[in-house]
Amino acid sequence: MDDKLTEWLTNVLNGLVTDSNGLSVEKTVDDLGTKFTVRVAEADRGRVIGKKGQTAEALRTILRSAGFLNDVRASMVVDIPGRKFVPKDDEYPKTRPVTSY
């Protein structure tokens, strides 16, 4: 299933970018799931990320949904050279404990 996700993501991104030669999608699998690292030409980064990150977030949502249906935890990262993403504790939503009423 991961290969279908890779192919789907590559096809969608090819439709967004103007320089398809600068596009690469790298898949890494670890104990947390499958991570797709997207690299695009500098001129196309804004197209992939979108206003306020809406395009990238929509792609992540679809990947997570498709992965969930096939028992794969999928995520996507847009790689920007020179920037390292280090998540802070408050950037990921915490699950709320179930309370009984």
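Start with R60. This is a predicted model, and in it R60 has a relative accessible area of 22%, so R60 counts as partly exposed. R60 makes a salt bridge with E57, with the closest N and O atoms 3.4 Å apart. Both sit in helix α3, 3 residues apart, which means about one helical turn between them. E57 is partly exposed too, at 37%.

Now the other charged pairs. The whole structure has 6 salt bridges. One of them joins E26 to R39, at 3.0 Å between the closest N and O atoms. E26 is in strand β1 and R39 in strand β2, 13 residues apart. R39 also meets D79, at 2.8 Å, N to O. D79 lies in the segment after β3 and R39 in β2, so this pair ties together parts 40 residues apart in sequence. Shared partners join E26, R39 and D79 into one network. How exposed is D79? Partly exposed, at 23% relative accessibility.

On to strand β3, residues 74–78. Its covered face holds A74, M76 and V78. S75 and V77 are on the uncovered face. β3 runs parallel to β2, and 5 bridges join the two. Within that pairing, F36 stands opposite M76.

Which residues have the most contacts inside the largest nonpolar core? L9, L13, V38, L63 and M76, in a core of 15 residues. Helices α1 and α3 and strands β2 and β3 each supply at least two of its residues. Beyond its sequence neighbours within four places, M76 touches residues including L9, V38 and L63. R60, where we began, is also among the contacts of M76.

Technical notes. Residues are numbered from 1 along each chain as its sequence is written. This is a predicted model: local features need pLDDT of at least 70, side-chain atom pairs count only at pLDDT 80 or more; totals for chains, interfaces and linings use all residues. Side-chain values use heavy atoms; hydrogens and water are left out. Buried means under 20% relative accessible area, exposed over 50%, partly exposed in between (1.4 Å probe, protein chains only). Helices (H or I, at least four residues) and strands (E, at least two) are DSSP runs, numbered from the N terminus. Two strands pair if DSSP finds at least two bridges between them. A nonpolar core is a set of buried Ala, Val, Leu, Ile, Met, Phe, Trp, Tyr and Cys residues joined through side-chain atoms within 4.5 Å. Contact means heavy atoms within 4.5 Å. A salt bridge is a side-chain nitrogen of Lys or Arg within 4 Å of a carboxyl oxygen of Asp or Glu.
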